[in-house]
Amino acid sequence: MAASQRYQKKARLVNKQLVDLAVLCIRRKLESAPHSVDTVKGIHSFWIQWEEPVPPETTTLEALERLEVDGVVERVTLDTQELWTIRKESQLPASA
């Protein structure tokens, strides 16, 4: 395996771990404060305690999209602002 392929494989693994961390942090925030609503930027900056170097906001977006598919969160649009919140019908299961 070429060095660039090894790097890409490692980068995907690290990204998956960071997305998993973001999912866990978002679930915990919603368990403790189910009426929370925020933008991707706000969630990325304040809901998740990242270690340096802080990953890109796309990591948080990927986590939110995963939770959206799972029926945990939903996107709402207010004016031109995209916000994320717990899905109204969601019964948030305890995090693993």
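Select glutamate 82 to start: at 33% relative accessibility, this residue counts as partly exposed (buried means under 20% relative accessible area, exposed over 50%, and partly exposed in between, with a 1.4 Å probe and protein chains only). The model is predicted, so local features need pLDDT of at least 70 and side-chain atom pairs count only at pLDDT 80 or more, while totals for chains, interfaces and linings use all residues. Residues are numbered from 1 along each chain as its sequence is written, and side-chain values use heavy atoms, with hydrogens and water left out.

The term stands for a side-chain nitrogen of Lys or Arg within 4 Å of a carboxyl oxygen of Asp or Glu. Arginine 75 is partly exposed, with a relative accessible area of 32%.

Keep arginine 75 selected and bring in glutamate 68. These two residues also form a salt bridge, and their closest N and O atoms are 3.1 Å apart. Glutamate 68 has a relative accessible area of 26% and is partly exposed.

Now select glutamate 65. A salt bridge of 3.3 Å, N to O, joins its side chain to that of arginine 75. Glutamate 65 lies in helix H3 (residues 57-69) and arginine 75 in strand S2 (residues 73-78), so the pair ties together parts that are 10 residues apart in sequence. Helices (H or I, at least four residues) and strands (E, at least two) are DSSP runs, numbered from the N terminus. Glutamate 65 is partly exposed, at 31% relative accessible area.

Show the four residues together. Through shared partners, the salt bridges join Glu65, Glu68, Arg75 and Glu82 into one network. How many salt bridges does a search of the whole structure find? The search finds six.

Then zoom out and colour by secondary structure. The chain has three helices and three strands, and along the sequence their pattern is α-β-α-α-β-β.

Finally, show the surface. The accessible surface of the chain comes to about 6,600 Å², of which 54% belongs to carbon and sulfur atoms; such areas come from the Shrake-Rupley method with a 1.4 Å probe, and for residues only the protein chains shown count as cover. Of the 96 residues of the chain, 32% count as buried.
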